[in-house]
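Please look at the sequence and the model shown here.

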Amino acid sequence: MESHKLHTMQLHVEKGLQSSNLADVMTTITECARYIREYPFPHFVHATLFRLAQTFNGEIFARKFEHSMNTIRLRIVVAIKECNKCLSLALSTEEIIRFILKVSHSNDYKARSLTLLLLGSLAPLTCEDKKVHNLIIESLDCVEMTELSAAIQAANEFAKFSISFSSLIIRKIAEMFGKNFLEISLKNELFGIISNLRGLSVSKSSIELGRRLLEGLPTNEMHSISLLLSELEKVINQRNKLLVHCILQNLSSIAEYRNFWTIENIKAIRDFYHQINFLSSKGILCTWLHCMDVLSSTEFHSKILLENYPWSVLLNSGNIVVRIFAIKLSLNLLLNGEMDAQFQQTLLNSILVTLCQFIDNPTSPSSIVNRQKHEFLFLVSKFVCSPKCTPHFASSLVRNILRAELTSSYDEFFQLLAVINENYWRECREIVNSSFFSAIFNSKNFNIVPPIVFTILLSTMPFSLLNQSNDQNLTNFAGQIISNNFNYWTIYKIARSALRFGHWRYLALPLLEKIQTSCESIETESWISSLIYICKAQPLAFNMDELANSESNLQFASLNLKFLGSTEKSQPFGFAVDYVNCLESTFRGIHSILTTFNVLRLLNSEKRQTVIQSLGTYCNPVMEARQQWVSLCSRSFDADTQTLLQMGLMIRMCLLIEQYLGILCDPGTGAKLSEISMEDLGESTQKSFQASAQTQGFLELLCWARNELISLQSTDPDPVRGLKVLVDILQCLVDFPLGLPRFFFNEFNSHVFG
């Protein structure tokens, strides 16, 4: 089964990378590239890249391979280059980059050079990261030639994918070339960067740079392209299929050097379609499409290829391999240029037809077809993550995938569904939830359902904790998982997903209690115990007893995590400890407000007024919680964007409560509640950033709370009534299952259960 294979490979990778034998580590790194190519599923790709980033960092080895680290790093760079077509499937970049960037501060120029080469190889995944942009720009000023060459190579890769980086690097190239101290070979490399710039109009300065660099530009490659194209026309007329195929393969190799292709060359290879199609060879046609696909990776080349596209009829080809090659070329053109509406619709229809064909026949005796299926699903995942994909098309993909059976044979289709659900949760959440719930609980073989299905289902659960039907569903869900023959690692992953999506008490808790007694080390058991205490901290109701219970359980969780941190010199659980402490302080602040309100209701009007005038002192616990969140957020510079955004929302929530209590205490000050918007939460809210369903839901809840308080303040100035509404709003905020952020789980490496 696919899911079992992935689990076995993941365990093999973790064990191999932590080996005390250098040869085992090197072999495992090499195997990682093959695993990613053969199984390009988002969760598996992300997990493998994360382990390789940790290995590149070297902290997991302590001083074990101190003199061999650069050899290990070089092997990782080579491995990543071998599977770079699958990199964009990784689910998150922040945590991967965090481990790699630490090496950039090394005193060893070789280590710094390898870091730049690795970042260049990861460009499809990390192309918009500002920290990486700054590192590459700064590295272009270094005097060590090895490091400078590595920086240029990294810049070349980033220029292919990032518009913002292109705007930075063009100024740097002009500055470097103006100094006139570079060797001819480095000038040629800089010219390669210019040819790959994205989103920039050709300015006078760019043209001038190109002319000056061309003085030392070799012409052998240009001559080779023209010669091969001339020979190709001859052998096509001779109908020599063997030579046609051979020349096209050579042109495909040279197509990687796009800056050597003239406009006439590109038009020539493009216009060979009818002659090549007349040869009636599927292999030759696929090789020609591949050559076009390589050339289409830049905006400039795509524009030329889109001037004429008679080959678009191949999107409806009866041969599925030819059709997938045509889809790949078309998707590249769509992502890098402006495509005709009719052509685009034909492409999208072809994708849906091909997807349905694979769903109807998930397994094939042909290894070629199976390999093309992996390639096809990878391409669709990449397209879904791009801004060119539409909600309507994403919904169409979802409806087709939901026809698949809940078995391991369809695991890779559910991996695609996870990507779609993460990017288009507004459109997909309801239909995915209803479909999966009925399918899972009507399944006769519950234990063959792929684990990824449970993760997707949990991400679509209703945003309410105090919901009896939802609670019952979660309880039944947990019972089904426990009663079936899932291994403990799978149960842990489902519990971890439940914690991330806020389903602590009814789902994560029973699953973690199931595996607690089967841990093989005291560290693992302490980690599981900490998570159990956190699960128990989720209130079952909004009252003083439940809030006090939450505080107590979070304190126990903090103590367990502190013990884990004390066993490691690097203090790896520092974020988890601080995050739990922040949660405990937040519950304490809310508990204090609820206590004040309950006491207020028992007092007469005179004593009530005295308490209301002292409300400012009762907001101190909330103020302390806010300050703790601010401090944690400022220290977590390497956390992923969703984690930083979630902490930003917690800061806003505490500030909203704090400001409103101040207004109730002294309404004459004319103070107003601060605005709450995504743009106010820092640089993480770039236009390309897609907030998760939970984050967006909590933001909307906070905005609603602010509007309710403002409305009440203007219509009913009674402070007792105002405090009552605030308590009702706090109940809604506590009811929302925000969940633990991804960064909370990053430092736990002992995934070993009995």
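A charge sits over a ring if NZ of Lys or CZ of Arg is within 6 Å of the ring centre and within 35 degrees of the ring normal. Arg 73 lies over the face of Phe 56, 5.6 Å from the ring centre. Arg 500 is placed over the face of Phe 501, also at 5.6 Å from the ring centre.

The model is predicted: local features need pLDDT of at least 70, side-chain atom pairs count only at pLDDT 80 or more, and totals for chains, interfaces and linings use all residues. Residues are numbered from 1 along each chain as its sequence is written, and side-chain values use heavy atoms, with hydrogens and water left out.

**Aromatic pairs**

Rings of Phe, Tyr and Trp (its six-membered ring) pair if their centres lie within 6.5 Å; planes under 30 degrees apart count as stacked, over 60 as edge-to-face and the rest as tilted. By this rule there are 16 aromatic pairs. Two of them are listed here.

| Pair | Centre distance | Plane angle | Class |
|---|---|---|---|
| Phe 358 and Phe 376 | 5.7 Å | 45° | tilted |
| Trp 527 and Phe 745 | 6.2 Å | 80° | edge-to-face |

Helices (H or I, at least four residues) are DSSP runs, numbered from the N terminus. Phe 358 belongs to helix H20 (residues 341-360) and Phe 376 to helix H21 (residues 367-384), 18 residues apart. Trp 527 is in helix H29 (residues 522-536), while Phe 745 is in the segment after helix H37 (719-735), 218 residues apart.

Phe 358 is buried at 3% relative accessibility, and Phe 376 is buried at 1%. Trp 527 is buried at 0%, and Phe 745 is buried at 8%.

Ring pairs also join Trp 527 and Phe 745 with Phe 575, Tyr 579, Trp 629, Phe 743 and Phe 744 in a cluster.

**Helices**

In helix H28 (residues 504-515), the buried residues include Trp 504, Leu 507 and Ile 515.

Helix H35 (residues 641-665) packs with helix H36 (residues 693-715) at an angle of about 10°, and their axes are 10 Å apart. Axes are lines fitted to C-alpha atoms, for helices over the stretch in contact, and angles run from 0 to 180 degrees between N-to-C directions. H35 is therefore roughly parallel to H36, a class for angles under 35 degrees. In contact (heavy atoms within 4.5 Å) are residues including Leu 645 and Tyr 660 in H35 and Phe 698 and Leu 709 in H36.

Notes
Helices (H or I, at least four residues) and strands (E, at least two) are DSSP runs, numbered from the N terminus. Buried means under 20% relative accessible area, exposed over 50%, partly exposed in between (1.4 Å probe, protein chains only). Angles under 35 degrees count as roughly parallel, over 145 as roughly antiparallel, 65 to 115 as roughly perpendicular and the rest as oblique.
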